[in-house]
Every structure is written in C-alpha cells, then in structure tokens.
Amino acid sequence: MTVHPITITGEPVLHRRALPVEAFDEELRTLIADMFETMDRANGVGLAAPQIGVGLRIFVYGMENDDGVPPRGVLVNPTLVTSKVPGSAPDPDEESEGCLSVPGESFPLKRAEWARVSGFDGDGAAVELEATGWFARCMQHEYDHLDGKLYVDRLDNRQGRKAAKALKHHGWGVPGLTWMPGVDPDPFGH
C-alpha cells in the first residue's frame, strides 16, 4: 500500500466531475487500499479519489456511526439521496466541517441530517447504506468531491468570504499544491 500526496484546493481534478469506474479489477483494489492507507495516515474520516489526483468516482470512509453500518467502507460509482437541508444558519460549535484538501481550516456548514448512498464495493458487489448525523455529513462531503465540489463551495455568503480570505492567505487556489500525510505536520493537529 502506498500513501499518496493529498491535493489542495485549486488542483483541477478537485473541481471537475469525476469519471465512473469501468473495471473492477486488481488495479482498482490497489487504488482503494492506497486510499485507505492515505486516509488513515492523514487522520481523516473520508477520502475521495480526486483528493489524491485520481478523477474517478470512488471514496473511502472510516467513521464510527449509530446507523449499523460497518465503520470502514468504500463506495464506487455511488449515488446519493438526502433529506432536505435545513434553512437555518449553521451552528459554528456543532456544524463546523473540515477537509483534507483545505488542510487545517474548518467552517460551519448546514448539511442534510439523513442520507442514503448506493454504489458498489471494490469487487463490484452492490452496497447500500443509510446514514444520519455526522456520518450523513461525511457521506455528503465525500460524494461532493466526486462532483467537483468542496465543502467551501457550499458555505453561506458570510462563511464563504471567510473561507476565500483563508485560501488567499495560504496561497491556495492554484494547481500543483499538495501535502504528504505522515511526512508533513498534521494540519488538523491530531
């Protein structure tokens, strides 16, 4: 298994729709194993293939949940259905989200409280799960990566301005920037 560098916002692969996986083969299983290794080394709870520079519709997760879903899994070519996103302002203490591709930053964001994800595992077997609370947030966050969206793209106007300022301060928003889990300092201080 190989740990891959994590792309930072501005890398083109993060900002375009990922392509469907067409072959469930050893190459795909190796990629999935590398994604788990990279996510674990980065202390993340999810990682989408575009975050390691691969424009395919795959994400892995590692998150305890109250939904009876195994705490580690992979979704290949997933679809997502959610409950309605509440219209109220996000609670900065309870609803702040972070992302390995926006390292070290977090901003409050409203998400749907429930999600159903359907797709396939690394062998092509069907997978369907329902998620609530923070696990649902994780599913929505990773799925967004497959559509070329980062959580900062969904922030309300006030938080969006704060995020834009932070990205500019870090010099992000341009191609070619990465960080290496296990080598570079953990941006979230784990």
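A search of the whole structure, which is a predicted model, finds three aromatic pairs. One of them is formed by Phe24 and Phe120, in an edge-to-face arrangement with 6.0 Å centre to centre and 65 degrees between the planes. Phe24 lies in the loop between β1 (6–7) and α1 (26–41) and Phe120 in strand β7 (residues 114–120), so this pair ties together parts that are 96 residues apart in sequence. Phe24 is partly exposed, at a relative accessible area of 28%, and Phe120 is also partly exposed, at 32%.

Phe107 and Tyr151 form a tilted aromatic pair, with 6.5 Å centre to centre and 35 degrees between the planes. Distant parts of the chain are linked by this pair: Phe107 belongs to strand β6 (residues 102–108) and Tyr151 to the loop between α2 and α3 (157–170), 44 residues apart. Phe107 is buried, with a relative accessible area of 6%; Tyr151 is buried as well, at 1%.

The largest pocket has a volume of about 380 Å³. It is lined by 19 residues, of which Gly44, Val45, Gly46, Gly98 and Cys99 are the closest to its centre. Helix α2 provides the largest share of this lining, six residues, and β5 (96–99) supplies at least two. By class, seven lining residues are nonpolar, nine polar and three charged.

His145 is located in helix α2 (residues 133–146). With a relative accessibility of 1%, His145 counts as buried. Beyond its neighbours within four places in sequence, His145 is in contact with Leu14, Ala48, Pro50, Gln51, Cys99 and Leu150. Elsewhere, the charged end of Arg137 sits over the ring of Trp134, at 4.6 Å from the ring's centre.

Notes:
Residues numbered from 1 in each chain as written. Predicted model: local features only at pLDDT ≥ 70, side-chain atom pairs only at ≥ 80, totals over all residues. Heavy atoms only, no water. Helix = DSSP H or I, 4+ residues; strand = E, 2+ residues; numbered from the N terminus. Buried < 20%, exposed > 50% of the residue type's maximum accessible area, 1.4 Å probe, protein only. Contact = heavy atoms within 4.5 Å. 1 Å grid on protein atoms, 1.4 Å probe; cavity = no way out; pocket = protein on both sides within 12 Å on 5 of 7 lines; lining within 4 Å. Points joined across faces, edges and corners; volume = space filled by probe spheres on them. Nonpolar A, V, L, I, M, F, W, Y, C, P; charged D, E, K, R; others polar. Phe/Tyr/Trp six-rings, centres within 6.5 Å; stacked < 30°, edge-to-face > 60°. Lys NZ or Arg CZ within 6 Å of the ring centre and 35° of its normal.
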